[in-house]
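User: Could you take a close look at one part of this model for me, the place where the two chains meet? I'd like the whole picture in one go.

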Amino acid sequence: EKMFTLKPGRLPQADVKNIIFFVRPKLELMDIITDNVLREDRGRSPQRDFHILFVPRRSLLCEQWLKEQGVLGSFIHREQYSLDLIPFDGDLLSMESESAFKECYLESDQTSLYHAAKGLMTLQALYGTIPQIFGKGECARHVANMMIRMKREFPGSQNSIFPVFDTLLLLDRNVDLLTPLATQLTYEGLIDEIYGIQNTYVKLPPEKFAPKKQGEGGKDLPTEPKKLQLNSAEELYAEIRDKNFNAVGSVLSKKAKIISAAFEERHHAKTVGEIKQFVSQLPHMQAARSSLANHTSIAELIKDITSEYSLNSLTNLNITRCETTWWTSFSLAKIASEDFFDNLTVEQEFMSGIDTDKVNNYIEDCIAQKHPLIKILRLVCLQSVCNSGLKQKVLDHYKREILQTYGYEHILTLNNLEKAGLLKPQTSGRNNYPTIRKTLRLWMDDVNEQNPNDISYVYSGYAPLSVRLAQLLARPGWRSIEEVLKMLPGPHFEERQQLPTGLQKKRQHGENRVTLVFFLGGVTYAEIAALRFLSQMEDGGTEYVIATTKLINGTSWIKSLMEKLEPAPF
Amino acid sequence: LKESKRAVNSLRDIVDDDDDDDLERVSWSGEPVGRRNKLPSFQSLSDALSDTGVKNYAPELRRPKAEYKDYSSDWSPKDTVRRMQRGKVCSLERFRSLQDKLVLLDEAVAGHDGNVITAVLIFLKRTLRREILFRELEVRQVALCHLIHFLKEAGEQKLLLDLLRFLDRTEEVALSQYREHLNIQDVEKRREFLKGCIGLPFSAEDTSHIQDHYTLLERQIIIEANDRHLETAGQSEVFRKYPRKASILNMPLVTTLFYSCFYHYTEAEGTFSSPTNLKKTFKIPDKQYVLTALAARAKLRAWDDVDALFTTKNWLGYTKKKAPIGFHRVVEILQRNNAPVQVLQEYVRLVEDVETRLNLATKYKCHDVVIETYKDLKDRIQLTAYKCKVERGSAEEEKINSILNNM
């Protein structure tokens, strides 16, 4: 009947008989539920019954926890709701498992891989067995093994659906640690980097969205952030989301002209028929106009920020309230206007292989000015990945500066980053990155942001490694890059799944193959844009559907690897 | 008797198990009801009963005696794991021998379901001697990782540390123990705890950081106590003018240095709160020190102190200005603190790169510097152009004119 967000304290008043807790199996949430249950007024009538629904699986650990708190018996039903893959758009599925990367790569806990495999089995039940499976990485291997085993154990699941997918490509996130660290430069990517897109919704500062009413002096400025939904159902958004941000302006201005012209048509409508037609178009035109207004505002917001960081837009502040009161003028004053581009310049230097073996001045300056810690971590990790690990002296230098500036407790986070392979000492004394970069053509000097001809436009010069691997798999195949594949972590493999005879499809000439790319550990919007670019290429030959454990950006990703430094509220 | 035992067993299952999607419900006549109709015949129904997903409510429709399994006590490890993967509650007590337990564990690991692995581990943790558990896990990496994760989540610190020590993962022991300091709110207790962490087997680099952490907190406690006195006594001007809005406890080193440069700048090296003492104790590099001191003194508008920071006397007694950071940075910080143009100008003049110097001088209206620089460059055109940027009849205009005349 009603849906409330889980919060500690007393449960809200509601005249219902049953209360169902619909949660992911996380221990922190169990504490909140315990609090809710204990505070329930047992004397009230009618008494309310409690049930708990775990998504996607029940967790014995959670139930044990509830038992120890003494509330397990309060639940009449304890069930699970197997929601593994959630469709985010016509070509995008995500498990939204935030901890998947940390669990798989730091803790060797492969539960999320098990869910991935189950999700894939469900997908195959609906869309047909996928005849070819390619993969790169340890986790990819596990998922493929699980899929094969699951298929063997449930032979009844053989179905008679024509396969929609020709190929499944499983990729470990740690095969490409570089891409999520770089700042995304597509329209959707930038929105996510700056404001954070949650479940296709974004919350934006309201000032630019206030309706301009005639006669009102703008005194009633909205204080609530403006919430917008972003997906391909919105025509304009579908058109600009994957473009490089520098190409968005021209699309918006063209659209503005078209819409203006369309509204002008009302002056040309003479006959009743023509007027009727115009009126019938109105809702669509109004929607288009409102969509244009929203995206023009968003583009302006992004423009402001990419040319001048302001205090409000720094969503990744990692400084406690006590510190900001005073030391603000010292640590966090209005950062110089060119900062976004300075940051980008350093990223691009690293990605093109320049000076990755020394301490970088810009990074040092940022530490000295106490820029948000996550920004620093992204940069030093980027340098480390582009150098196959940092020289011990350089690493120690960065670590010392970070600990002295942000606090010694961050030793724990730095340790996690090392374990994940993001910030580590160079062990072999060899830097493989230049070879990988050259062979896979990861750095393209002559990138065209307006009319791209290559996926490198999504980072204005850097082609995402993961997407290159997908691209090369389709054509000419991975055999051509055997040497480079060996330099990347984890095994690469191919499996074939038997299709019942009669279902083996022969693709018509000119018909595209469909490949499902599954990123184990997270995927960025820029990578999604790059794959969509490949899909719509003439003579590309392959269309892509994307699945992942989580939609990420560099900030959310690094954050998931940081130690929680605040003690839990309970 | 056997018949009634079976009936009782099947009833127990009905009570234990919750509703299950995989249930095959069968009516009294043997016809399946419910969603799935894939097993219409009696024979295939009996086949299905060996598949772990099925339960039936009619005791006499059970399959032939030959295939009979006691529902609650004869599931093999493999089947038990299978049942647990489907979320069914299973009692593991019947796995009594070490051998059985290990087979169960290996089956769980092979099934990849973390939930099940954890559940089995909880059981083993309870029913095995620690040394045996550790020894067996040492050769089972996946299970080991799961147990470690579980112990961390459940906060079983002691067992976790014992396990890590057994595995000789000494650095992890150290870090894991160090992590606990975050749960200690009381400063004195935290300080004690950190002291205890120093001897732990960290890497060489990390050991020095932990040592620093302890030393820093120790200092902060002393400074905090002292300063609170000073504040309440009301004698110190700087504390009166700029009352402290937050405590210095648990702040990072650089923040502490800033604080010290702000409130205790003139103190001799001997005191705990003096900046020079902090610099020496923590080996703070010159660059960082100068930057921090500059920011603090600039905030207090103590321009003389700023001056002294950059002035060095050589052996002949001549002073000259030097900075371990570029002077353009100095200018930036001064400007952010609204330094008056006369002060700003001094430092703009010292910026080495000509283009940067001109940019900054123009931006911040340091007319003298602009003029001097163009003079040095012998740039008539720019100098003439700059005239419109200065006030008519001002000293600057005169200066420009005089230079132009003498070029």
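Analyst: Here is a walk through the interface between chain B and chain A. Bear in mind that this is a predicted model: local features need pLDDT of at least 70, side-chain atom pairs count only at pLDDT 80 or more, and totals for chains, interfaces and linings use all residues. Residues are numbered from 1 along each chain as its sequence is written, chains are lettered from A in the order in which they are written, and side-chain values use heavy atoms, with hydrogens and water left out.

On chain B, 63 residues are in contact with 54 residues of chain A (contact means heavy atoms within 4.5 Å). Together the two chains bury about 5500 Å², and 56% of that is on carbon and sulfur atoms; buried area is the accessible area (1.4 Å probe) that two parts lose on being put together, summed over both. His112(B), Asn115(B) and His209(B) supply 12% of the area that chain B buries against chain A, more than any other three residues.

What about charges? There are 3 salt bridges between the chains, a salt bridge being a side-chain nitrogen of Lys or Arg within 4 Å of a carboxyl oxygen of Asp or Glu. Arg329(B) and Asp365(A) form a salt bridge through their side chains, at 2.8 Å, N to O.

As for where chain B's side comes from, helix α11 (residues 204-233) of chain B gives the largest share, 8 residues; helices here are DSSP runs (H or I, at least four residues), numbered from the N terminus.

Notes
Helix = DSSP H or I, 4+ residues; strand = E, 2+ residues; numbered from the N terminus.
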